[in-house]
Amino acid sequence: MAGGGVLPLGLAPPMWYHRDLSRAAAEELLARAGRDGSFLVRDSESVSGAYALCVLFQKHVHTYRILPDEEGFLAVQTSQGVQPKRFKTLPELVLLYLQPSQGLVSTLLYPVDREESALSDDRDYSDGEDEKPPLPPRSASTSTPTGPETPTESTISHEYLKGSYALDLEAVKQGACALPHLNKTLVSSCKRLNGEVDKVLSGLEILSKVFDQQSAFMVSKMIQQSVNQGGDQELENLVTKLAILKDLLSSIEKKALKALQEMSLTSPCSLPPLSTRQSKAIPVQAFEVKLDGCLAELAKIGKSQKHTLSVDVEGGRLVVMKKVKDSQEDWTPFTHDKIRQLIKSQRVQNKLGIVFEKEKDKTQRKDFIFASAKKREAFCQLLQLMKNKHSNQDEPDMISIFIGTWNMGSVPAPKAMSSWVLCRGLGKTLDEMTVTIPHDLYVFGTQENSMCDREWVESIRAGLKDQTDLEYKPIAVQTLWNIKIAVLVKPEHENRISHVGVSSVKTGIANTLGNKGAVGVSFMFNGTSFGFVNCHLTSGNEKIARRNQNYLDILRLLSLGDKQLSSFDISLRFTHLFWLGDLNYRLDMDIQEILNYINRKEFDPLLKVDQLNLEREKNKVFLRFVEEEISYPPTYRYERGSRDTYVWQKQKATGMRTNVPSWCDRILWKSYPETHIVCNSYGCTDDIVTSDHSPVFATFEVGVTSQFVSKKGLPKTSEQAYIEFESIEAIVKTASRTKFFIEFYSTCLEEFKKSYENDTQSSDNVNFLRVGWSNKQLTTLKPLLSEIEYLQDQHLLLTVKSLDGYESYGECVLALKSMIGSTPQQFHTYLSHRGEETGNIRGSMRVRVPSERMGTRERLYEWISVDKDDAGGPKGKSTLLPRSGHEYVKSSCLYSERHCVFPLGLCCAPADVRSKQPESPDDPSSCKNSYNNPAYYILEGVPNQSAAVAMLPELLPSTSLANAPAAKPSAPSALPRAKPASGPSPGPPGSRSSSLNRPPPDFPPPPLPKGALEMAVEGPFAKPRPQFPDLAEVRITPVASAPFALGEGYPRGGGGGGGGGGALDDQSCSVLQMAKTMSESEFSGQPPRAPSAPPLMRGPVLGLGLDVCRTFPPRHPIPESIAEDTPEEALWGSSSSSLSVGESSVGEWLQRLGLERYEKGLLHNGWDDLEFLSDITEEDLEEAGVLDPAHKHILLESLSKQTKP
């Protein structure tokens, strides 16, 4: 019963009772009602079994808690010392407050009725495959009816006795020896029994073949007969099958025992215990590479570019081999501890720098060009595996995770599923050199899976053992009807798993059927929390709103993770949350256009009309989640038995149903800020054809923390670390004017802490409230341990709660890593509640760590960094990028001996400008999002532009408009902007993408440091432009005619019922949605955004690549000691980033010759500078793909002319 079952509302609850309506939605309904005294009652979000009475008065919403006492009576919460009035039912309570002068801010005058959705909107018939939802599995005792027989069986018996009985009697009188009508009745009654017996016999068939060959023949024969049986033989076959089943069950155990006893005598060697079994040894892998030195110089001194890198994971060494003369080879081995760093090039995706330790305190860097970006990634993965295998650390810093999702179409899985487990097929796949390396965790999510749990898990384990020789341990299995999730872990990690939890949520018809819904699993891996959700959402091309609601229901109701974090939805309860399943979002495009694009393998136009991408762009679902780029064809709806044909039409009783090819099956994730996660593959199989869906796979490299044990024990008072806040300010979307406090949660705190109530509060608009806490109102937090190594892995969860109802108005997460230091650091991030953005929060804080607790170590995932070779940095040096969370914006620098933090998406400044401070964190452009965009306040009825300008310094973070750049942009259009391309920026296959470098849609990277802007002589950022337009140029269109694209469920007209006001009155349509639409318009200086990708920003200093922000804290570039090296070695220092002309110059040269088709091949082979091309040979051109003799002649002749004086 809604609200905890306290109130007896009867079968028809009053229309003013809105059950589990959210606080924000309640405010929305009251704002639309617009009249003082409008009210509704909803369930409390903070106390189970309690209610919230919401009343509108003078455009503000006032909330009163209704609490049940020990006897079940209800009363409105009153001030201390005031005797409450008690009521048996909620209607009785409301009836009293309909009378005047009862102590509320206003008499209850106008009930706001709930919006009942039509029953037809809830109907969902399993992707159109079935006319009715499939029945749940019969494994649960609650699914079988009680009583001697079901009503259907009783009806069949009565029908025979009433009608058919007389026909059989007449037949007997005429001499018949059979009773055909009774036989038919018995067959109908036993129909379900027949199917159950067939299932049992099929399950026992293999056992009978192994242990009881005599019975095996009869079992197989009966299974074959059951396929073709019918008519009079059906009942006879059932009796025979029951007899065979009885004999088999009574004898199989004795015969199996006898067979095993004989086996033990003939083969005394038993299997080794599981703990001693080892996975398959990883063979030595060799990579053909080219040395990326100055090619012209190498040619002059007769040095070969071609090298072979051999990785011996088991032996822990890397061998660099190069040909010297004829067949002679020069071998240089390096043990794992002599490989100091791997440095990836962002601009050349198949280029990698390796820093070797030559002698004590001396290093040398060599840059190599691999055959492809995928080969480079495979090499890096093998070296990381080697480092991990030979590490002296007891606990891992990083694990690999396989995640798969598949709608099985109610058909058992085929025996061969290796392509799914090995990530073979279409899209972003793993290199063959690394495809067989076992992952640490395997997560399988299935929908329409008709197999029983045990059978499914055992088939998975058997498949994994075939590929890895390991007995993976199932740590959790959860099922809701035919939706299943299974998590398996390597045996060596079994003891690192703790706090396992499972949960499920039904979202089928009326949220009572489990044919649609979600299952989830959560656990701790050492000190890192993981959550996995597998869902099957409502089907149908047109049911977008229903799918969105399914997602929000699952997010709110799935009970996983730490129970102390019940104030937070599951998207904030875990370090890493993975969401997978048949999400059922479709493509909004004509079927023939879709098929044409698929045939041409052009997926970008389809991704632009993908419903999930469009809904994420509107922030309606999966707020701040990330999805890897999709580079494979739609996974639904194929013809079963083939992957060549999409079946998009099906004749139904209600007419022809169309299911356009779509990416229904998806994998997304959301991680805490400043954590390490990289997606190495994302694709689908092309050889598993039993279902109309193709299985989808993804693999991840994830940083994990250990259960930290302090070597110095608990801190003394003098050694205690502190988390101190200078101030906090929040902008919250609410019409309430109550007071607020903040609750702080973290695993590093003994218990959650609360602040005092806010001491500043202001509002220039009825629908927004700005609240602030000074240092006096904020408590100092004391972590359990004070070591920096421990604290830099910790996160702090904040929730802003109201004093009147103790309900959350927004939650967020902050990383402590960037806050460690002696001076306060700025933070700025968004607030969300129940999956929706509700505001933003900023402040100043610091984490003080005693000097004696400052020791730390390098993590394995920090060993690989990204080179800023495309930012014009110093030659031969590697600049390491900071890591930052995709949902966290911070634009302040922290200078220390150890590291320097720069904003998301920026390279560290070159040495000559590193002392310059970046833009102030208070600059509005550095923290633009929905809730500090002036569009919100313009829409809310500001009388004139001058008033808007006057209030702007108050609305935006404290900065003067005079400081904004003077460049005057053109006025933005009031129309919603065109939808940008969905998905992340395209990159070469094999490039790694990470949530660390994907800002959310409303959080573009902060502006560049001034020094960096001065260096950018080309590109769109040569002249900085303002984030927001001149307010005087913004033209406001009246709401009645404004073409805002409001989402489903949002009103499009003015409020009803009085209140007056102009076209922009506060009672108009959804202020939040209108403002979001306005804020999404293309303001000058703001590049287009993709739903899950950073803005496309080109510029020599940006370096926005898929590997940005890999290492934190950034270390000092490793100095190179090469002065004493041989002539060949003397070249490495300048090989990293000293290209004088650059990739574009080679391209322009080829374009001038009309041979631009060869640009990719030349760059791929390292010919990326015209200076080097003067020494290119015909053989080199052929290797780069120039095979036409005439074209080779043109290129060589052009180069010879350029080199002549």
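Strand β3 (residues 60–68) pairs with β4 in the antiparallel sense over three bridges. Two strands count as paired if DSSP finds at least two bridges between them. Helices (H or I, at least four residues) and strands (E, at least two) are DSSP runs, numbered from the N terminus. Pro-68 has Leu-74 as its bridge partner in β4. This is a predicted model: local features need pLDDT of at least 70, side-chain atom pairs count only at pLDDT 80 or more, and totals for chains, interfaces and linings use all residues. Residues are numbered from 1 along each chain as its sequence is written, and side-chain values use heavy atoms, with hydrogens and water left out.

The β3–β4 pair belongs to an open sheet of five strands. Their order is β4-β3-β2-β1-β5, and the pairing is mixed. β4 (74–76) and β5 (110–111) stand at the edges, each with a single partner strand, so one side of each has no neighbour in the sheet. Helix α1 (residues 23–33) packs on the sheet and touches β1 (38–43), β2 (51–57) and β3. Contact here means heavy atoms within 4.5 Å. The direction of α1 makes about 165 degrees with that of β1. Axes are lines fitted to C-alpha atoms, for helices over the stretch in contact, and angles run from 0 to 180 degrees between N-to-C directions. Helix α2 (residues 90–97) also packs on the sheet, touching β1, β2, β3 and β4. Its direction makes about 30 degrees with that of β4.

Look again at α1. Its buried residues include Arg-23, Ala-26, Leu-29 and Leu-30. Buried means under 20% relative accessible area, exposed over 50%, partly exposed in between (1.4 Å probe, protein chains only). Arg-23 lies over the face of Tyr-809, at 3.7 Å from the ring centre. Such a charge sits over a ring if NZ of Lys or CZ of Arg is within 6 Å of the ring centre and within 35 degrees of the ring normal. Arg-86 lies over the face of Phe-73, at 4.3 Å from the ring centre. After α1 comes Gly-34, with a positive phi near 80 degrees.

Now the aromatic pairs. The whole structure holds 31 of them. Rings of Phe, Tyr and Trp (its six-membered ring) pair if their centres lie within 6.5 Å; planes under 30 degrees apart count as stacked, over 60 as edge-to-face and the rest as tilted. Phe-287 and Phe-370 form an edge-to-face pair, 6.1 Å centre to centre, with 75 degrees between the planes. Phe-287 lies in strand β6 (residues 285–291) and Phe-370 in strand β12 (residues 362–370), so the pair ties together parts 83 residues apart in sequence. Phe-287 is buried at 2% relative accessibility. Phe-370 is buried too, with a relative accessible area of 2%. Elsewhere, Phe-402, Trp-406, Trp-420, Tyr-442, Phe-444 and Tyr-472 form one aromatic cluster.

Strand β19 (residues 517–525) comes next. Nine of its nine residues are buried, so the rest of the structure largely encloses β19. Both faces are covered, with Val-519 among the buried residues on one side and Met-524 among those on the other. Eight bridges join β19 to strand β18 (residues 497–506), and the two run antiparallel. Phe-525 is the bridge partner of Ile-497. Phe-525 also stands opposite Thr-528 in β20. β19 and strand β20 (residues 528–536) pair antiparallel over nine bridges. They form a hairpin with two residues between them, and Asn-526 in the turn has a positive phi of about 55 degrees.
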